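Subject: Structure handover

Hello,

Here is the structure I said I would pass on. My notes follow below it.

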Amino acid sequence: MDKKVIAALALFSLASSYASAAALRVAADPVPHSEILNQIKQTDKKLDLQVIELNGNLNANELLARGDVDANYFQHVPYLRDQEKALGEKFAVVATVHIEPLGIYSHKIKSLKDVPQGAQVAVPNNVTNLSRALYLLQANGLIKLKSGSAGSLVTTADISDNPHQLKIIEIEAPQLPRALDDATLAIINGNYALQAGLVPSKDALGLEQAKDNPYANVLVTTPKLAHDPRILELAKDLESKQTAEFINQQYKGSVIPVHQ
C-alpha cells in the first residue's frame with residue numbers, strides 16, 4: 001500500500017479516536033432538557049457530556065450546522081423540519097424522548113368558561129407552535145377551524161368561527177409567560193411554563209393530550225455524527241426506563257416520557 005495512503009489512514013484513525021474520546025457537546029433548553037441531561041451525567045459515568053444551555057439569542061440548529069455543538073435537545077420534529085427548510089440543512093433524529101404538552105394559562109380568569117368577549121390571547125409566533133395553539137383553542141371550544149384542516153399546519157386565516165371574538169397576538173415563545181400580565185390567555189410551551197414556575201399539570205386551564213401527540217422532543221445531530229458511539233450512548237440513555245422514571249418523578253405529569 002502507498003505510504004501516503006497509509007499515513008492518511010493513520011491520521012483518520014487518530015482523528016476518529018480523538019472524536020470518540022472528546023466531550024459530547026449538546027445544546028439544550030434549561031428546563032427540562034438540561035436537567036434531564038445533567039441527570040444522565042450523574043448516572044452514566046462512561047459518557048463525557050458537556051451541556052450547553054440555550055438562551056433566547058441562540059439558534060441550536062445553527063450551532064449544530066456550524067459544528068459548534070455535536071447535538072441538540074430542545075425541539076420536536078415538525079419544528080425541526082421547518083428549520084431544515086429555513087437553514088437549507090439536513091439533520092438526523094436519533095432519539096425520541098418526551099412530550100411537553102402545550103397549555104392555556106391565565107392570571108385573569110380561573111376557567112375557560114369565563115373567557116370574555118374580545119379577550120387577548122397570546123400564542124407562539126413560529127409556524128408549528130402557532131398551529132398547535134390554534135388546535136388547542138379549538139379542542140377547548142374557543143374557536144373553530146376550517147373543515148378539512150385537521151392534521152395540517154394552520155394559521156389565524158384558518159379560523160372559521162370565533163364566537164368570543166378573540167384577538168390572537170403572536171409573540172416569541174420564550175416571552176409568552178410575561179404576556180400573562182397583559183393578555184387574558186397565553187398559550188405556552190411546556191418548557192417555558194416550567195421555567196416561569198408554572199406547573200402545567202396543575203396550572204393550565206387547558207392542556208394538550210399526550211396520546212398520539214406528534215410533538216415529542218427529540219435528540220438531533222448531523223447525519224455525519226448519527227452513528228458516533230457517544231451519540232448512540234446518549235440516545236440509549238435518553239430512551240431508557242431510568243430516564244423515564246426520573247421525568248415522571250421530577251415533573252409529575254408536566255413532562256411525559258415517550259418510553260415508559
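Which exposed residues does the face of helix 4 turned away from its buried side carry? They are Lys85 and Ala86. Please bear in mind throughout that this is a predicted model.

Helix 4

Helix 4 runs over residues 77-87, and Tyr79, Leu80, Gln83 and Glu84 are buried in it. Seen down the helix axis, the buried residues of helix 4 fall within an arc of 145°, so they line one face of the helix. The cover over these buried residues includes helix 3 (60-66) and helix 5 (127-139), along with strand 3 (71-76), strand 4 (92-99) and strand 12 (217-221). Just after helix 4 comes Gly88, which takes a positive phi of about 65°.

Aromatic pairs

A search of the whole structure finds two aromatic pairs. One is formed by Phe74 and Tyr79: the ring centres are 6.0 Å apart and the planes stand at 80°, so this pair is edge-to-face. Tyr79 is one of the buried residues of helix 4. Phe74 also counts as buried, because its relative accessibility is 16%, with the cut-off for buried at under 20%.

The other pair is Phe246 with Tyr251. Here the centres are 6.4 Å apart and the planes are at 90°, so the pair is edge-to-face. Phe246 is buried at a relative accessible area of 16%, and Tyr251 is buried at 7%.

Helix 2 and helix 10

Phe246 and Tyr251 also take part in the contact between helix 2 and helix 10. The axes of helix 2 (residues 30-43) and helix 10 (residues 241-251) come within 11 Å and cross at roughly 130°. That angle makes helix 2 oblique to helix 10, and the crossing is right-handed. From helix 2, the contact is made by Pro32, Glu35, Ile36, Gln39, Ile40 and Thr43. From helix 10, Gln242, Thr243, Phe246, Ile247, Gln250 and Tyr251 make the contact.

Asn191

Asn191 is found in helix 7 (residues 190-195). Is Asn191 buried or exposed? Asn191 is buried, with a relative accessible area of 4%. Leaving aside neighbours within four places in sequence, Asn191 is in contact with Asp29, Val31, Pro32, His33 and Glu100.

Regards

Conventions:
Residues numbered from 1 in each chain as written. Predicted model: local features only at pLDDT ≥ 70, side-chain atom pairs only at ≥ 80, totals over all residues. Heavy atoms only, no water. Helix = DSSP H or I, 4+ residues; strand = E, 2+ residues; numbered from the N terminus. Buried < 20%, exposed > 50% of the residue type's maximum accessible area, 1.4 Å probe, protein only. Contact = heavy atoms within 4.5 Å. Phe/Tyr/Trp six-rings, centres within 6.5 Å; stacked < 30°, edge-to-face > 60°. Arc of directions from axis to C-beta. Axes fitted to C-alpha atoms, helices over the stretch in contact; angles between N-to-C directions. Parallel < 35°, antiparallel > 145°, perpendicular 65-115°, else oblique. Left-handed = near helix turned anticlockwise from the far one by under 90°.
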